[in-house]
Amino acid sequence: MAPQGKVYRGSVKDFQGFDANQDAEALYNAMKGFGSDKEAILDLITSRSNKQRVEICQAYKSLYGKDLIADLKYELTGKFERLIVSLMRPPAYGDAKEIKDAISGVGTDEKCLIEILASRTNQQIHDLVAAYKDAYERDLEADIVGDTSGHFKKMLVVLLQGAREEDDVVSEDLVEQDAKDLLEAGELKWGTDEAQFIYILGRRSRQHLRLVFDEYLKIAGKPIERSIRGELSGDFEKLMLAVVKCIRSTAEYFAERLYKAMKGLGTRDNTLIRIMVSRSEIDMLDIREVFRTKYEKSLYNMIKEDTSGEYKKALLKLCGGDDDAAGEFFPEAAQVAYRMWELSAVKVELRGTVQPAGDFNDDGDAQVLRKAMKGLGTDEGAIIDVLTKRSNAQRQQILKAYKAHYGRDLMADLKSELSGSLAKLILGLMLTPAQYDAKQLRKAVEGAGTDESVLIEIMATRNNQEIRAINEAYQEAYHKSLEDDLSSDTSGHFKRILVSLALGNRDEGPDNPAQAHEDAKVVAETLKLADVSSNDSSDSLETRFLSILCTRSYPHLCRVFQEFIKMTNHDVEHAIKKRMSGDVRDAFVAIVRSVKNKPAFFADKLYKSMKGAGTDERTLTRIMISRSEIDLLNIRGEFIDLFDKSLHHMIEKDTSGDYRKALLALCGGED
């Protein structure tokens, strides 16, 4: 059933000892009389391949003179009926039915059109067009043209031709030209040349486009997805993003679609059914593994928690197994992880949202602030407007000008005039970055209990220069060394990690391929994923593992983690989560994520600080202050890529009053 030379990755296979007449008789008996044996129906149909189900339909007609699909529709109801009936149609006719339903009646289901046409191969598109003509005696292109409009329509028509190039031989010159053309059609153009996006993304081969996307990242300093979000809009934007995702990894695209179909309140059953049926004999095993790696739970368990009854049983049969129980790591997930590490090695320009004010006047700002706090009441808006629009260096000048002009301490005045979350945010902005980090670390270790998450976040993400400045600020403010406080407040391997990071001695050079291979062996042996015939003791291995993660340069670690995937077929983050626990696991995961994509690490922390009931204002405030002049613009981009909503929107929805106003000013804009 798999194409020649390829391993079959579906979850549903041909049933051994298949007998179409015998199965037709079993289904007839399950439906005759009063009621129907739903368990027997789902067991039989979900354990036969589509080709075998088609033969069962023909045998049923020959034996009983009846239409099996019509009988199933009559006997079954609801979501279970939709799922079972969908399984009985050949794939092309299933797609044709989905598209017909998407464009029939009032309104159009654009998400269904996007999913099918962005993900199918040339041959699948040709089969779909023919099946639509056969089933409905209508032209699919004409129907889609009549039901859509604008650039969205144009791209759908291009995809409907099933004419994507399939040559694996790639021209480097054409790759560079296409990347340049896309950049000039969007980011570098007043307005957008949508036709260029349509031509390149709709026609070029998958292999070619993957290289174009890599080249685009190098020359634009951002992934193509982010440019599409900025330059295109509406359904056309969603379609182009889906095309890019499918070019990168069809399995990852469907894993994301399935997750979104089930997360939160309610289930998008039509999407769930369509994907589980259409991918069950193509790449369900790949989808399952990417799903588990990306969302840290198995597709099987999410279906189990989100559905019920025979519908659930049938979906779980199509899923084909629980990866949480199996503990395997399939090649598709390893491939996705490897590509992520390749992208991590590409240098991207980091940009903050707060820039030095061009017409800066420290004395004038000091006067505005004094006026805002003088007399009855406080003008919080004026304070926010000044301090969120000045760089940290400029704020330090304002502190001095305020003291010189009024003989007063600006920090003390702000502290007495402001309160709550706004006070913490504004006072945090007035400290230097090193002073602010030192204060956060001090709060994390003083008093009863330790806030390990703050220690990990700061120590795992700061560069050597930042760490050294924090050490100086800590010593100056608290008259003791940061290393001593970390040592006395933590223990074991966690203490060793923090103390190693606190030295600020991470290598800053490029990667060393030969050394990276040896380092990957140590990582694999420590995580018990490879026997490298090492003579090292267990303790010596752990020391070397800690040293590698805490002292090797970021470019070198990128290479180490790529070598690790080649060696073990596992992603290092996934392996650490599986083999380690507690604060040690969390610290190593933070280091790995910081190496892989630091803005994405912070985007994830910001999202978690606001999702669900309540807001973790300490984390929200800390990250917005500390990243505002470093990479908050990059964090915003990662945020919308990861969560399909902007950081601005989430802050607006989750906070209130002057605190919200100040956070949004630091955020710097709506994406």
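Which residue forms a salt bridge with Asp-604? Select Arg-593: its closest approach to Asp-604, between N and O atoms, is 3.4 Å. A salt bridge here is a Lys or Arg side-chain nitrogen within 4 Å of a carboxyl oxygen of Asp or Glu. Asp-604 is buried, with a relative accessible area of 16% (buried is under 20%, exposed over 50%, partly exposed in between, with a 1.4 Å probe and protein chains only).

A word on the model: it is predicted, so local features need pLDDT of at least 70 and side-chain atom pairs pLDDT 80 or more, while totals for chains, interfaces and linings use all residues. Residues count from 1 along each chain as its sequence is written, and side-chain values use heavy atoms, leaving out hydrogens and water.

Next, pick Asp-95 and Arg-120, a salt bridge with its closest N and O atoms 2.8 Å apart. This pair joins distant parts of the chain, 25 residues apart: Asp-95 sits in helix α6 (residues 91-103), Arg-120 in the loop between α7 (110-119) and α8 (122-136). Helices are DSSP runs of H or I, at least four residues, numbered from the N terminus. Both partners are buried, Asp-95 at 8% and Arg-120 at 7%.

Now jump to Asp-485 and Lys-480, whose closest N and O atoms are 3.0 Å apart in another salt bridge. Asp-485 is buried at 6%, whereas Lys-480 is partly exposed at 35%.

The whole structure holds 54 salt bridges.

Note on methods:
Helix = DSSP H or I, 4+ residues; strand = E, 2+ residues; numbered from the N terminus.
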